[in-house]
Amino acid sequence: MNKKLLSSAFLLVLIGIVSVVPVSLFANNNLDRLLSREAAAEDIELYFSIIDQQHGNPYQYISRKEFRQLVDETIARLPESIPYKEFDVLLTQLNNKIRCGHTVVSLDTDFLKSATNLAQFFPYPVRIIEGRYFIDFEDGDLPLGSELISINEQAIAGMTEQLSALTVTDGFSSTKPIREIESRFGYYFFLKYGAASSFMVTYKTPNGSIHQAEIAAIEGNRMLANNYYRPVYKQHERYYHFTHLDAIDSLQTLVLTLNTFQANPDWFYEKLASRYNEETKEFDFENLVIDLRLNEGGDRRILNFLYEFIGGGQLNDPSKTVVRNQDIALADYLVGINGSNSSAEVIAKADAYLKQHFTNATEKGFEGEVQNWHNTFDLGIHWKGTAFKGQIYVLTSGKTFSAAADLARILSDMPNVTLVGEETGGGHKARTANMLLNYSLPNTGVNLQVPVIYEEFLNVSNQSTGRGTFPDHLVTQTYEDLLAKKDTAFEFTLQLIGQRSSFGTN
């Protein structure tokens, strides 16, 4: 395994899980302290003001009146003093009601780095199958496939509903919360039920016998490392590299694994070009599998290039766009925009952009002209060969989000594309994203990421509002496949390819 790539992968996951790590974890930094009711109420009010003024479409799935009522009820229930952890839980649960996957409550990254050194986390990855939690790890004290019954007397039954309230997703995707819990179970368990130096676990083995065991807690970074070694079928390097290209020659199939879009675009061009004969204008493979199951998005420029390679020509993916405010609201609390540290110059550029592109005042804010965002994300690298016209299979899951969900949505309407797996976590018809503002709440230090631009995609198939892109073949892992270390969706796809090859492509 490439340890350098794996370490980089850990860093991405650490950044991703910042939204679920409470301040009280960092007792060694003297941050395990109480917050006064007044200070907590002030930060909740500021949170509401930021969402209300700056979020591109906060009331897509809940009315302003309903959300304001939830804010008031949350403040009314505050005790005279509240632990930072409990405050974080309250705000995270409130934030969940917006149903926007790009709206994230989190703590400072430095706090998160400190957390990884503390041995207070449940150590093993889990796989959730039909609401039941199974050990998805071979190198621990519990057998692979053991069903968890309780942890520290906390029953597993009903846990998904409780932990899902601490996640974020676009609309009502049923898969993203489950996959989020799986990938960060140790942190979600801590957030909801607390840390411990050890965990008393009641579990049922694959043969049906029930046992108890005391499991030692581990540091946060080791817990995350365990998640990168799960599920247990991850023997092939395609599962743990950011990007990977390999071939199954017997099926004339190329497998392109994209676990992130935060990768070097030149890599894609060089690797794909190596499989193309410029003289004959032919590829040395007939089928292409694109695995997006762990891809939470990133650089849209890669999406553009992949579309050129698959669809031919420039991508046309227009959307109707709206913002609620032409100015950056509450800038005194702003700490960053799109990854850049906040400054007068950065804020001025953002203000100018909003005023230039969103000029038509409406009841909901300011509309812009129909946008094809991909025009502004030019790689400078363009596929000059013939577009690939073979069969394409796209693997999706609840973790397929943002730009990765965009790619799945765009490809889903192409006649030579088949989607296999689960509903994506990213919205099919609409979502709020693009310009991302980061605020810091003054009393708690809680960070809030707020997406500014709401976009409604125009070239979409007719699917339910508030859901992700659905696959052509719904395939999820069964308990039997977990025990057999089988990648169910991938092997199902290879069977589809094999069947098609047996009957002939014509």
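Predicted model: local features only at pLDDT ≥ 70, side-chain atom pairs only at ≥ 80, totals over all residues.
Residues are numbered from 1 along each chain as its sequence is written, and side-chain values use heavy atoms, with hydrogens and water left out.

**The whole chain**

Let's start with the big picture. The protein chain has 15 helices and 26 strands; helices (H or I, at least four residues) and strands (E, at least two) are DSSP runs, numbered from the N terminus. Of its 506 residues, 58% count as buried, where buried means under 20% relative accessible area, exposed over 50%, and partly exposed in between (1.4 Å probe, protein chains only). The accessible surface comes to about 21,300 Å², and 46% of that belongs to carbon and sulfur atoms. Those areas come from the Shrake-Rupley method with a 1.4 Å probe; for residues, only the protein chains shown count as cover. Take the contacts (heavy atoms within 4.5 Å) with a separation of 6 or more: 77% of them are between residues 24 or more positions apart.

**A six-stranded sheet**

Now pick out the open sheet with the order β12-β13-β16-β22-β23-β26 and mixed pairing. Two strands pair if DSSP finds at least two bridges between them. At the edges sit β12 (243-248) and β26 (473-474), each pairing on one side only.

Although β12 is an edge strand, five of its six residues are buried.

The angles below are between axes, which are lines fitted to C-alpha atoms (for helices over the stretch in contact); they run from 0 to 180 degrees between N-to-C directions.

| Helix | Lies across | Angle |
|---|---|---|
| α10 (residues 265-273) | β12 and β13 (253-258) | about 10° to β12 |
| α11 (residues 300-311) | β13, β16 (287-291) and β22 (391-396) | about 160° to β16 |

**One residue up close**

Is serine 150 buried or exposed? Serine 150 counts as buried because its relative accessibility is 13%. Its place is in strand β7 (residues 147-151). Leaving aside neighbours within four places in sequence, serine 150 is in contact with Ala155, Ile156, Met200, Val201 and Thr202.

On a 1 Å grid over the protein atoms alone, a cavity is a set of points where a 1.4 Å probe fits but cannot get out, a pocket is an open set with protein on both sides within 12 Å along at least five of seven lines, and lining residues have an atom within 4 Å of a point. Grid points are joined across faces, edges and corners, and a volume is the space filled by probe spheres set on the points.

There are two cavities of 30 Å³ or more. The largest cavity holds about 80 Å³ of space, and its lining includes His55, Tyr61, Cys100 and Asp170.

The second largest pocket has a volume of about 360 Å³. It is lined by 19 residues, with Ile128, Ile129, Glu130, Thr476 and Gln477 nearest its centre. β5 (126-129) gives the most to this lining, with three residues.
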